[in-house]
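Q: Could you walk me through this structure, a piece at a time?

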Amino acid sequence: MGRYYSGDIEGKFMFGVQPSDAPERFCAKESEPMTIEYVVDYDDYENVKSAVESVDKDSIAKVEKMFSEKDKYNDDTMKQYGVTNYDLREYADYQLGKQILEYLEREQSDCYICAEL
């Protein structure tokens with residue numbers, strides 16, 4: 001089992017000898033990652049389904065009502081509809097969870113997600 005490097009050049013670090021920071025010796029600068037990679041295992045389908053079902057339905061209903069009547073929202077609109085930041089988060093998470101669940105059902109394989117930071 002070895003560690004590989006890839007990008008504009010590809011190769012494998014020498015096992016047990018060469019550290020991952022070896023490129024720094026040749027003027028490479030460490031850069032911050034721009035993404036986080038996730039995988040949702042198909043084997044976790046039932047857990048994903050339970051998590052989607054556990055989202056606060058009252059929050060979803062409030063946000064959906066607001067969005068059905070308003071194209072945009074701000075603090076005043078949220079107050080008018082009784083929507084909190086918690087409700088918005090529940091709604092957003094629900095949308096993501098549904099997408100993941102639908103993918104798992106359709107493809108019957110793991111779902112890979114790359115999220116920008």
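Predicted model: local features only at pLDDT ≥ 70, side-chain atom pairs only at ≥ 80, totals over all residues.

Q: OK, how many residues does the largest nonpolar core have?
A: The largest nonpolar core has 18 residues, and those with the most contacts inside it are Val40, Val48, Met66, Val83, Leu88 and Leu104. A nonpolar core here is a set of buried Ala, Val, Leu, Ile, Met, Phe, Trp, Tyr and Cys residues joined through side-chain atoms within 4.5 Å. Buried means under 20% relative accessible area, exposed means over 50%, and partly exposed is in between, with a 1.4 Å probe and protein chains only.

Q: And which elements give two or more residues to this core?
A: They are helix H1 (45-53), helix H2 (57-69), helix H3 (75-81) and helix H4 (85-107), and H4 gives the most, with six residues. Helices (H or I, at least four residues) and strands (E, at least two) are DSSP runs, numbered from the N terminus.

Q: Let's look at H2, then. Which of its residues are buried?
A: In H2, Ser59, Ile60, Val63 and Met66 are buried. Seen down the axis of H2, the buried residues fall within an arc of 130°, so they line one face of the helix; the arc is that of the directions from the helix axis to the C-beta atoms.

Q: What do those buried residues pack against, and what is on the other side of H2?
A: The buried residues of H2 pack against H3 and H4, while on the other side of H2 Asp58 and Ser68 are exposed.

Q: How far apart are the end C-alpha atoms of H2?
A: They are 19 Å apart, which agrees with the 18 Å that the 13 residues of H2 should span at 1.5 Å a residue. The expected span of a helix is 1.5 Å times one less than its number of residues.

Q: Switching topic: where is Val48, and is it buried or exposed?
A: Val48 is in helix H1, and Val48 counts as buried because its relative accessibility is 15%.

Q: So what is Val48 in contact with?
A: Leaving aside neighbours within four places in sequence, Val48 is in contact with Val40, Ile100, Leu101 and Leu104, where contact means heavy atoms within 4.5 Å. The C-alpha atoms of Val48 and Leu101 are separated by 6.6 Å, although these two residues are 53 residues apart along the chain.

Q: Now the charged ones: how many salt bridges are there?
A: A search of the whole structure finds four salt bridges, each being a side-chain nitrogen of Lys or Arg within 4 Å of a carboxyl oxygen of Asp or Glu. One of them joins the side chains of Lys62 and Asp87 (3.0 Å, N to O), and this pair links distant parts of the chain, with Lys62 in helix H2 and Asp87 in helix H4, 25 residues apart.

Q: What about Asp93?
A: Asp93 forms a salt bridge with Arg89, with the closest N and O atoms 2.9 Å apart. Both lie in helix H4, four residues apart, about one turn of the helix.

Definitions and conventions. Residues numbered from 1 in each chain as written. Heavy atoms only, no water.
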